[in-house]
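Please read it alongside the sequence and the structure.

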Amino acid sequence: MHSPYDQYVRVRDAREHNLRGVDVDIPRDVLAVFTGVSGSGKSSLAFGTIYAEAQRRYFESVAPYARRLIHQVGAPKVGEITGLPPAVSLQQRRAAPTSRSSVGTVTNLSNSLRMLFSRAGDYPPGAERLDSDAFSPNTAAGACPACHGLGHVHDTSEELLVPDPSLTIREGAIAAWPGAWQGKNLRDILDALGHDVDRPWRELPAQAREWILFTDEQPVVTVHPVRDADRIQRPYQGTYMSARRYVLKTFSDTRSASLRAKAERFLTSTPCAACGGSRLRPEALAVTFGGRTIAELAALPLTDLAALLDGRTETARVLTEDLKSRIAPVAELGLGYLSLDRSTPTLSAGELQRLRLATQLRSGLFGVVYVLDEPSAGLHPADTEALLTVLDRLKTAGNSVFVVEHHLEVVRGADWLVDVGPGAGEHGGRVLYSGPPAELASVEESATAAFLFDESPGPAREVRSPRGWLTVGPVTRHNLRAVTAEFPRGAFTAVTGVSGSGKSTLIGELTEELEGVDRLVRVDQKPIGRTPRSNLATYTGLFDVVRKVFAATDEARARGYGVGRFSFNVAGGRCETCQGEGFVSVELLFLPSTYAPCPDCGGARYNPETLEVAYRGRNIAEVLDLTAEAAAAFFADIPSAARSLGTLLDVGLGYLRLGQPATELSGGEAQRIKLASELQRGRRGHTLYLLDEPTTGLHPADVEVLMDRLHGLVDAGHTVVVVEHDMTVVAGADWVVDLGPGGGDRGGRIVASGPPERVARAAGSVTAPYLARVMP
């Protein structure tokens with residue numbers, strides 16, 4: 001039994017995901033970094049086990065009623081964990097932020113600024129003091145009544161709602177209407193109201209067209225549906241809703257991202273005339289501080305805002321000091337270029353995580369474990385030093401900081417290393433080393449050791465000469481001001497610069513319309529599917545090949561099973577108890593609903609008859625359980641399958657199971673799966689590949705594999721453009737475009753461009769000194 005003052009978090013028998021009964025002791029009050037190749041199990045240990053257990057214990061202490069209101073993670077598969085303090089997790093997960101969420105709301109800075117205006121603002125003569133809520137566009141007291149505090153008004157027009165006026169209503173002239181039954185219902189109601197649904201739209205009287213699209217009336221009529229031969233439909237009461245009303249209602253109320261996006265196509269957005277886009281009531285805009293309204297201050301970069309704040313009265317002094325002390329950690333993490341009104345959905349995952357980190361610095365908690373997921377993601381090497389300082393301050397305040405990280409500078413700054421591996425997936429899941437960083441050098445099977453201690457630059461690469469140029473610009477968007485950039489064709493270009501310098505904005509301007517681009521492929525880190533039904537095999541098209549192979553077996557033919565029999569997404573071959581999911585949700589009163597393997601198929605997803613068909617001794621469920629590596633050997637003689645699997649191995653994903661749900665994949669894995677599906681396509685014409693930070697979430701060993709692939713595409717005559725912070729990747733490029741010199745308003749210019757050795761010597765470039773260090 002360990003003493004109650006045990007200085008270690010001790011994990012025993014952790015079996016989450018691919019962990020194989022891991023035992024590990026990690027000291028408290030240190031900066032501990034978890035390393036290992038992608039997919040080795042380090043996140044399963046840090047987040048899936050340590051953080052999940054801390055959260056579960058916290059929920060045990062919460063009243064059962066309150067427990068239902070919080071999204072809970074189930075209990076992790078672990079023997080026991082001792083010495084575990086409460087934990088705070090800062091993950092890269094993109095929660096779905098709404099358009100009302102902003103930098104100010106995430107950091108709570110908006111509250112402080114509103115308090116300043118309420119208590120110390122300059123009011124017009126005779127105006128009464130406003131409560132701080134009256135300065136928020138998200139409350140009834142403060143929101144502009146015309147746009148409900150959104151700052152812009154959505155409306156629509158006949159041209160948007162009816163793109164093709166030669167069609168009749170029955171043929172679908174009103175493109176904005178919903179599909180399927182709901183659309184048919186609206187059409188039948190118009191018919192019952194006496195409108196001609198079989199006359200081309202443009203021949204209908206103007207008054208009728210106006211009413212159909214824009215009326216606010218909602219008449220109820222009796223609809224007599226056309227009788228289909230196979231089913232008798234009874235008359236029903238139908239309520240009409242105009243196309244404009246339907247689109248606006250869907251846009252504002254729906255929870256579904258795809259329905260919202262569809263509705264948005266039929267809307268125009270214009271700044272609200274009443275508040276000029278400031279989102280607030282006139283009473284709030286009449287109050288100023290230092291001669292500016294709250295909307296004007298919220299639009300300034302945070303560093304400029306801090307410089308303007310000065311307290312003339314005692315109240316103002318206390319409130320401005322508080323605001324400045326809250327802005328300081330945000331600026332320290334290299335985010336001083338953001339403004340308070342910048343909406344959250346426009347931030348990158350790295351920016352959002354660092355904002356949350358800056359907020360934690362101010363919270364003054366101590367004695368907790370912070371679990372961070374790659375805080376260096378999306379960070380320029382110049383900002384990484386500031387990050388280390390911040391992590392150090394969290395530790396000095398009396399906290400333990402556990403970080404999952406690949407960035408070697410962060411790993412070198414650790415007090416304690418936990419190296420998981422040696423390989424990925426089934427070849428990983430063991431703790432190879434747990435101790436001070438210096439001693440990792442003696443661990444032979446560690447992939448991390450090789451990169452951590454060998455700082456010699458890589459071999460010099462021959463710089464390719466361009467076969468033409470792609471010219472973009474002049475671009476004026478976000479912080480780019482009339483920027484024109486040139487990218488060489490048939491070469492590998494790296495776009496560099498500190499966070500917020502305009503890199504993603506610039507490569508967003510590379511489109512298929514550019515001269516010299518036959519095909520454009522963007523490979524991003526968005527998930528490949530949002531449900532467990534989408535998996536590695538379905539996304540890469542491999543599942544179609546596998547199903548054909550099974551349908552062609554003698555047994556399947558004798559039973560008359562077609563390809564569809566082997567799909568778990570349609571009735572027929574799937575297990576109907578779980579509808580092909582493989583697990584059922586068990587609702588427990590007051591406890592998190594948990595997923596249990598389906599009682600009938602045991603997680604196999606298919607019914608017993610389908611599983612009786614075997615190919616080379618394995619049924620379809622067993623084939624889906626193979627890793628890509630094992631499947632490559634199993635299907636070696638089937639060319640189409642071998643090609644798909646070969647490309648997955650090429651991008652270092654041999655450890656993933658074919659049936660692995662898309663929801664379990666990391667952003668880096670999703671990006672490499674997309675790249676693999678691209679690599680297996682036949683090459684036609686010249687393709688431009690755009691990758692935004694492809695090495696995020698990748699161990700240096702995986703980065704080498706990925707770079708070989710990308711350079712292979714260039715050798716085959718294509719063009720690759722990456723936004724990248726990893727200087728070893730930049731050093732291996734043919735051309736570098738460096739933006740800067742700073743972020744936000746201090747960026748947006750091209751500081752240097754040319755081959756890496758020229759950029760490494762560029763004066764005034766923040767990137768140059770870091771690039772020079774790794775140049776061969």
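## Helix packing

The axes of helix 26 (residues 667-679) and helix 27 (residues 700-715) come within 12 Å of each other and cross at roughly 30 degrees, where axes are lines fitted to C-alpha atoms, for helices over the stretch in contact, and angles run from 0 to 180 degrees between N-to-C directions. This is a predicted model, in which local features need pLDDT of at least 70 and side-chain atom pairs count only at pLDDT 80 or more, while totals for chains, interfaces and linings use all residues. Residues are numbered from 1 along each chain as its sequence is written, and side-chain values use heavy atoms, with hydrogens and water left out. Helices (H or I, at least four residues) and strands (E, at least two) are DSSP runs, numbered from the N terminus.

Helix 26 and helix 27 are therefore roughly parallel to each other; angles under 35 degrees count as roughly parallel, over 145 as roughly antiparallel, 65 to 115 as roughly perpendicular and the rest as oblique. The crossing of these two helices, helix 26 and helix 27, is left-handed, a term used if the near helix is turned anticlockwise from the far one by less than a right angle, with right-handed used if clockwise. On the side of helix 26, Arg-672, Leu-675 and Leu-679 meet Asp-702, Leu-706, Arg-709, Leu-710 and Leu-713 of helix 27, contact meaning heavy atoms within 4.5 Å. The residues of this contact of helix 26 with helix 27 comprise five nonpolar, no polar and three charged; here Ala, Val, Leu, Ile, Met, Phe, Trp, Tyr, Cys and Pro count as nonpolar, Asp, Glu, Lys and Arg as charged, and the others, Gly among them, as polar.

How do the axes of helix 4 and helix 13 cross? The axes of helix 4 and helix 13 (residues 314-332) come within 10 Å, and their crossing angle is roughly 165 degrees. That makes helix 4 roughly antiparallel to helix 13, and helix 4 passes helix 13 in a left-handed crossing. Helix 4 contributes Leu-109, Ser-112, Leu-113, Met-115, Leu-116, Arg-119 and Ala-120 to the contact, and helix 13 contributes Thr-315, Ala-316, Leu-319, Thr-320, Asp-322, Leu-323, Arg-326 and Ile-327.

## Backbone geometry

| Residue | Phi | Loop |
|---|---|---|
| Asn-108 | about 65 degrees | between helix 3 (103-107) and helix 4 (109-120) |

His-17 is exposed, with a relative accessible area of 55%, whereas Asn-108 is partly exposed, at 36%; buried means under 20% relative accessible area, exposed over 50%, and partly exposed in between (1.4 Å probe, protein chains only).

The peptide bond from Gly-473 to Pro-474 is cis, with omega near 0 degrees, and Pro-474 lies in strand 14 (residues 469-477). A cis peptide bond also joins Gly-740 and Pro-741, with omega about 0 degrees, but Pro-741 lies in the loop between strand 22 (735-740) and strand 23 (749-754).

## Buried loop residues

Thr-293 is found in the loop between helix 10 (282-285) and helix 11 (294-298), and is buried, with a relative accessible area of 14%. Leaving aside neighbours within four places in sequence, Thr-293 is in contact with Phe-117, Leu-285, Val-287 and Thr-288.

Leu-84 has its place in the loop between strand 4 (78-82) and strand 5 (87-90) and is buried, with a relative accessible area of 14%. Residues up to four places away in sequence not being counted, Leu-84 touches Val-9, Ile-50, Glu-53, Ala-54 and Arg-57. The C-alpha atoms of Leu-84 and Arg-265, which are 181 residues apart along the chain, are separated by 50 Å.

## Cysteines

With a disulfide taken as a pair of cysteine sulfur atoms within 2.5 Å, the count comes to zero disulfides. The sulfur of Cys-144 has its closest cysteine sulfur in Cys-147, at 3.8 Å, too far for a bond, and Cys-144 counts as buried at 2% relative accessibility. For the sulfur of Cys-601 the closest cysteine sulfur is that of Cys-598, at 3.7 Å, again too far for a bond; Cys-601 is buried, with a relative accessible area of 14%.
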